[in-house]
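Here's a friendly walk through one protein model, in questions and answers. Have a look at it first.

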Amino acid sequence: MTQEISHNYYKELIDLQDVEGVEAQIRSLLEVPIESISDLEQWLKDEKDLMNKITEAMTGHQVDFYRNTEDVQVKSTYLHDQQVIQPLLMKYEAKLNEKFCGSPYIQQLDEKQYGLMRRVRESKVKLFREENIPLMVKEQELCTKYSEIMGGLTVEWDGEEKPFPFIQSQLDHLDRAVREKAYNKIGSAFLQIKPDMDAIMDELIQLRHQIAVNAGFENYRDYIFVAKNREYSVQDCYDFHENVEKHIIPAWNRLAEVFKSKLGVDTYRPWDNTAKLMKNPPYAEVSTLMDGVSEMLGKTDPYFAERFDYMREHGLLDLGDRKGKSPGGFCTPLPVSGDTFVFANFSPSFFSLIALIHETGHAVNGYLEYAEHGPIEEYQHRMEIAELYSHGMELLLLDKLDQFYPEEEDFKSAQREELRRAFTMLFGPLSGDLFQHWMYTNPTHTAKERDEKFFEISKRYGLNPVDTSGMEEEIGMSWVGTLHYFEVPFYNIEYSISMLGALQLLETYRENPEQAIESFKKGASADYNQSIAAIYKQTGVSFDFSEPAVKRMGEFLEKVIQDIH
């Protein structure tokens with residue numbers, strides 16, 4: 001039986017099925033004469049209003065599809081957006097960017113308000129190639145195929161067919177046999193879909209390489225750095241990979257020793273690296289999860305809880321697991337409504353609790369930003385900034401995990417788990433970033449070479465303290481479970497950069513909670529037309545992943561571990 005899902009959380013102010021009507025509205029923007037600076041500013045406002053309407057409708061359709069990938073009508077609407085509206089937008093975005101960049105009045109625009117937009121649009125004009133539009137549409141189709149395969153993935157468990165997130169949640173289990181069984185079941189599930197996943201990834205790499213070559217780049221990695229308007233270089237990333245391996249991994253190995261001794265195991269195997277040493281799971285019903293998180297937020301800052309409760313009341317949270325629901329979790333803004341929607345497909349687990357707090361950090365950021373400056377425009381949306389407030393929220397609530405773990409030992413274990421996650425968020429995405437640097441600068445690699453490289457990098461970072469003997473093949477192919485590699489390439493290192501900032505926020509919070517919360521809210525409502533460094537500064541942290549900065553955070557993490565230990 002298909003679960004009834006509410007669709008009234010977004011505003012559909014434009015009919016995307018009426019392709020001619022949509023195109024006419026966009027085309028009319030191209031025909032507006034711009035004869036003064038005030039004409040240009042009015043044109044930008046009209047363009048923004050139209051694009052917000054289109055974005056909100058498309059976002060709503062995408063969320064509807066993720067909520068129920070098996071609904072034929074919902075899927076058809078979503079695919080129409082991807083296959084018809086998206087190419088139309090790409091085509092006209094290029095023309096609108098050319099009109100903007102070609103206006104003699106752009107030099108008169110206020111640099112503070114429009115400088116970032118100008119730089120982003122100029123780089124888009126530089127990158128745009130008409131022949132890339134069908135390649136990008138094909139890329140999106142492959143990503144949709146990935147979502148469908150993962151959304152439909154079920155695993156047999158004790159004679160029952162269970163959704164994949166349920167099996168993942170069993171990796172937390174205190175019983176080692178249950179963890180090992182879950183780990184092997186996941187390996188078998190991945191093995192079953194591996195040929196499809198290899199085919200999708202092989203095609204994605206070739207498509208993306210061609211997109212880059214068409215735009216005049218040697219490889220997709222170099223292309224994406226320009227496309228993302230990164231405020232740091234490829235070399236900065238390589239240095240960061242090295243700094244973390246040098247200063248964070250030794251501390252991580254020591255924390256792993258703590259886990260190993262508390263588990264009382266002789267060898268620290270991959271399924272021991274996931275065990276949670278406290279009451280499991282922390283809640284049984286989604287309503288209990290929401291009640292508890294609301295309580296934790298309220299103890300931190302009344303505004304945080306008020307926003308969360310508002311979202312709950314207005315159908316802006318979809319958190320349970322069910323068949324046909326896409327995997328993962330995300331938070332997405334609705335630019336016309338001024339609201340934020342949080343989607344998650346998690347079984348009850350420590351991870352799902354933390355993931356909800358993480359997404360709530362994004363949501364609070366979205367509401368603060370909207371209240372101060374209106375909807376965030378695409379060009380302002382930099383993940384190094386967005387992830388600072390989601391990681392930051394996790395760490396500001398670290399001292400309130402007793403809401404779900406009232407027993408003293410459980411509470412300490414839960415805090416240790418969150419620190420494990422801080423470590424994981426430093427080296428996990430960073431090793432994923434290194435993996436993608438390799439994939440896209442070696443686009444002719446084989447599936448076997450890809451698995452081998454993934455294992456090698458995993459062993460240097462997160463699996464450094466783990467006994468992986470006999471598990472090389474399973475670990476090597478486990479990249480197939482990471483949505484980012486398929487759907488949002490090179491969106492990885494942002495997590496690691498922002499975690500460094502969030503740890504600085506925790507450092508302040510331990511000395512002065514009020515100041516840390518004030519800094520969080522100030523940064524989360526800052527003017528996003530500034531540089532990443534300027535917004536970090538307003539949050540009371542520094543945008544710095546040099547060796548001294550990484551070393552200092554490694555030492556701080558060790559201190560926190562000792563305090564909890």
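Predicted model: local features only at pLDDT ≥ 70, side-chain atom pairs only at ≥ 80, totals over all residues.

Residues are numbered from 1 along each chain as its sequence is written, and side-chain values use heavy atoms, with hydrogens and water left out.

Q: Is S103 buried or exposed?
A: Helices (H or I, at least four residues) and strands (E, at least two) are DSSP runs, numbered from the N terminus. Buried means under 20% relative accessible area, exposed over 50%, and partly exposed in between (1.4 Å probe, protein chains only). The relative accessible area of S103 is 9%, so S103 is buried.

Q: Which residues does S103 touch, leaving out those up to four places away in sequence?
A: A contact here means heavy atoms within 4.5 Å. L40 is 63 residues from S103 in sequence, yet 8.2 Å from S103 in space, C-alpha to C-alpha. With residues up to four places away not counted, S103 touches I34 and L40.

Q: How are α3 and α5 oriented to each other?
A: Axes are lines fitted to C-alpha atoms, for helices over the stretch in contact, and angles run from 0 to 180 degrees between N-to-C directions. Helix α5 (residues 132–151) packs on α3 at about 155°, with the axes 9 Å apart. Angles under 35 degrees count as roughly parallel, over 145 as roughly antiparallel, 65 to 115 as roughly perpendicular and the rest as oblique. That's why α3 and α5 are roughly antiparallel.

Q: Which residue in the turn between β1 and β2 has a positive phi?
A: Strands β1 (residues 154–157) and β2 (residues 160–163) run antiparallel, joined by 4 bridges; two strands pair if DSSP finds at least two bridges between them. One of the bridges links E156 to E161 in β2. The two strands form a hairpin with 2 residues between them, and the turn residue with a positive phi, about 50°, is D158.

Q: Which strands stand at the edges of the open sheet?
A: This sheet has 3 strands in the order β3-β5-β4, with mixed pairing. Each edge strand has a single partner strand, so one side is left without a neighbour in the sheet; the edge strands are β3 (317–318) and β4 (328–334).
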